Amino acid sequence: MPALISSRLLIFGESLSFHKFSNVSRNAWFGRSVCSLSLGSLGFKSDIESVDKKETNEVTRLSSLKGVPKSKAKVVRSNVIKAAGAHSSLEIESTLFNAKSFSELGLPPLLIERLESQGFRTPTDVQSTAIPTILKDHDVVIQSYTGSGKTLAYLLPILSEVGPLKEKTSDGDGEYGKRTDIEAVIVAPSRELGMQIVREFEKILGPANKKMVQQLVGGANRSRQEEALKKNKPAIVVGTPGRIAEISAAGKLHTHGCRFLVLDEVDQLLSFNFREDMHRILEHVGRKSSAESHGPKGSLAKRAERQTILVSATVPFSVIRAASSWGRDPLLVQAKNVIPLDSISPSGPTTLSGHSTSTNSNSNLQGHSAIESLPPSLKHYYCVTKLQHKVDALRRCVHALDAKSVIAFMNHTRQLKDTVFKLEARGMTASELHGDLGKLGRATTMKKFKKGEVRILVTNELSARGLDVAECDLVVNLDLPTDTIHYAHRAGRTGRLGRKGTVVTMCEESEVFVVRKLQKQLGIPIPACEFTEGKLVITEEEKAQPAVRA
Ligand SMILES: Nc1ncnc2c1ncn2[C@@H]1O[C@H](COP(=O)(O)OP(=O)(O)OP(=O)(O)O)[C@@H](O)[C@H]1O
């Protein structure tokens, strides 16, 4: 693989070039100086280094067996969460949660009741920062690491203004019944993510209000979706760009009066693949003229435009630039920072105190964005193995870590079936998931994986974004990700919401330099390991390169 690959991201006529695997400084460019936590301070490095003294003899034995220098060999016990099935309670570390309660964030009482009934008691950091900001009508870009609760961070402010859980008005449901336009449009890049967002809405709304949200994802029957829109008059639609644009172009989706437009995984939605559909959505959603404007939303209603909310764990400068051109005084919202977008430059933001936080060049942005997206509770390793032995290495890795729920990523769809076949031949339950499967097949596979009936999900980039399976305790890269952004999203399928998780990258000897570059760019230690006698053994200690977290 070449050391420098250039890829293009086209944002509505604006062509930007990103350099993959370019050198980056380890200071991220978003508000570093506002609040800095190091990986070390979060226990990241010390976890790897803290090997039980009782294991010294084991290390000696293993190193002599494998010819690994004693000083370098370490036995690592499984750090996986003890979860036998999908419904086991999982260990959550508290660092992610803010001291505030949902009631302090300005949400209406009915909504808080529903949250509590569903077990949501304390907001995460990013929710504590984003919810009040969105409630103040700001256009925002929400950026925080994978699994930190970004979905509720936008969903709750929407539900506090749209639908039956909002602040009670005298005519209550009567007002809801009269509505003809859609009030919120949520766009996601994949069906799975779209459906997941719908389920999150339904969880909070409860079964009685299920019809208020309509999914418009591709692969499903379009005329049934159109009929449901006509019959149920939902206030919120969640869908993929192609299907939303298609139904909108057919005149069956009325979004001119829409008050909220959310682009979840915005950096992917603004890529070349979605260009035309996204163009239509951005042009049509919430573009009512001022004369048509009415409603209770104060300044937003007066300006008669939608509130735009862009969300991702990875926010390159191209997104900041796009958001600045669409929004009115838009803000970047992170776990502990709120920064005006116009103070952010390609070479790093100016913080609220007016100081530039970074001196990095434009080409560094991709690395920075990825650093910010990695949950601190993750452990990363790589394992050198020949191509033909990768599946066997995966099997040994799963056993060594006693992993219960594993996502294995590959780059080419045609290889997935073969890998599943080999895993099953070795007695492991595995299933493939990719875009060529039908909607039903994809849904059934996901259901089985979530229920713990399938131990290893073998998949491609389709599952790298947004997929939320709390029980997933191990991510394996059977093929190398193409860059730090892809690494970060894949890795983020484990260690959700502060849980522990392990990421193991399998590579051939000739690819080790790529892993070293990933390590350097991400500012995290990725030590080499082997799976020997049912244990993960660190064979080469990498120097930790702590990144400073916002
Ligand atoms: N305040 C909370 N209390 C308990 N659970 C929460 C809370 N907020 C979110 N969750 C749960 O945490 C999980 C992860 O949330 P979510 O999928 O929104 O993360 P995310 O930041 O969007 O991740 P990604 O970047 O990978 O899309 C979900 O199962 C969600 O229901």
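Let's start with a span, residues 393–537. Its end C-alpha atoms lie 13 Å apart. The span is 35% helix and 21% strand. UniProt, in an unreviewed entry, places the feature "domain: Helicase C-terminal" at these residues, 393–537. One thing to keep in mind throughout: this is a predicted model.

Now look at helix 18, residues 484–491. Is this helix mostly covered or mostly open? Mostly covered: 7 of its 8 residues are buried. Here they are: Thr 484, Ile 485, Tyr 487, Ala 488, His 489, Arg 490 and Ala 491. What caps the N-terminal end of helix 18? Asp 483 does. One of its side-chain oxygens lies 3.2 Å from the backbone nitrogen of Ile 485.

Next, helix 19, residues 512–522. Its buried residues include Val 512, Val 514, Val 515 and Leu 518. Gln 519, Gln 521 and Leu 522 are buried too. Just after helix 19 comes Gly 523, with a positive phi of about 70 degrees.

On to the sheet. How many strands does this open sheet have? It has 8, with mixed pairing. Read the order with me: 7-8-6-9-10-5-11-12. Which strands stand at the edges? Strand 7, residues 213–216, and strand 12, residues 338–340. Each has a single partner strand, so one side of each is left without a neighbour in the sheet. From one strand to the next, the twist averages 20 degrees.

A quick reminder on sheets. Strands pair through backbone hydrogen bonds, and they do this either parallel or antiparallel.

Let's take some pairs. Strand 6, residues 184–187, runs parallel to strand 9, residues 260–264. These two are joined by 4 bridges. Val 187 has its bridge partner in strand 9: Leu 263.

Helix 5, residues 150–159, touches strands 5, 6, 8, 9 and 10. Its direction makes about 170 degrees with that of strand 9. Helix 8, residues 222–232, touches strand 7 and strand 8. With strand 7, the direction of helix 8 makes about 165 degrees.

Now zoom in on strand 5, residues 140–143. Strand 5 pairs with strand 10 in the parallel sense, over 4 bridges. Val 140 stands opposite Ile 309 in strand 10. Strand 5 also runs parallel to strand 11, residues 331–333, with 3 bridges joining them. There, Val 141 has Leu 332 as its bridge partner.

Where do the side chains go? In a regular strand, they alternate between the two faces of the sheet. Strand 5 gives us a case to look at. Val 140 and Ile 142 point one way, while Val 141 and Gln 143 point the other way. All four are buried.

Next, the ligand. A polar side-chain atom of Gln 127 lies 2.7 Å from a ligand nitrogen. From Gly 149, a backbone N or O atom lies 3.1 Å from a ligand oxygen. Glu 265 brings a polar side-chain atom 3.5 Å from an oxygen atom of the ligand.

Now for backbone angles. Most residues other than glycine have a negative phi. Lys 233 is not a glycine, yet its phi is positive, about 45 degrees. Lys 233 sits in the loop between helix 8 and strand 8. At 37% relative accessibility, Lys 233 counts as partly exposed. Asp 329 is not a glycine either, and its phi is also positive, about 45 degrees. Find Asp 329 in the loop between helix 13 and strand 11. Asp 329 is exposed, with a relative accessible area of 64%.

Last stop: Ser 377. Ser 377 lies in the loop between helix 14 and strand 15. Buried or exposed? Ser 377 counts as buried, at 13% relative accessibility; the cut-off for buried is under 20%. Ser 377 and Gly 498 are 121 residues apart in sequence. In space, C-alpha to C-alpha, they are 6.2 Å apart. And a polar side-chain atom of Ser 377 lies 2.7 Å from the backbone oxygen of Arg 499.

Note on methods
Residues are numbered from 1 along each chain as its sequence is written. This is a predicted model: local features need pLDDT of at least 70, side-chain atom pairs count only at pLDDT 80 or more; totals for chains, interfaces and linings use all residues. Side-chain values use heavy atoms; hydrogens and water are left out. UniProt positions are given in the numbering used here, feature names are shortened, and annotations may be inferred rather than shown by experiment. Buried means under 20% relative accessible area, exposed over 50%, partly exposed in between (1.4 Å probe, protein chains only). A polar contact is a pair of N or O atoms within 3.5 Å; within protein, one must be able to donate a hydrogen and the other to accept it, and residues adjacent in sequence count only if both atoms are side-chain atoms. Two strands pair if DSSP finds at least two bridges between them. Axes are lines fitted to C-alpha atoms, for helices over the stretch in contact, and angles run from 0 to 180 degrees between N-to-C directions. Contact means heavy atoms within 4.5 Å.
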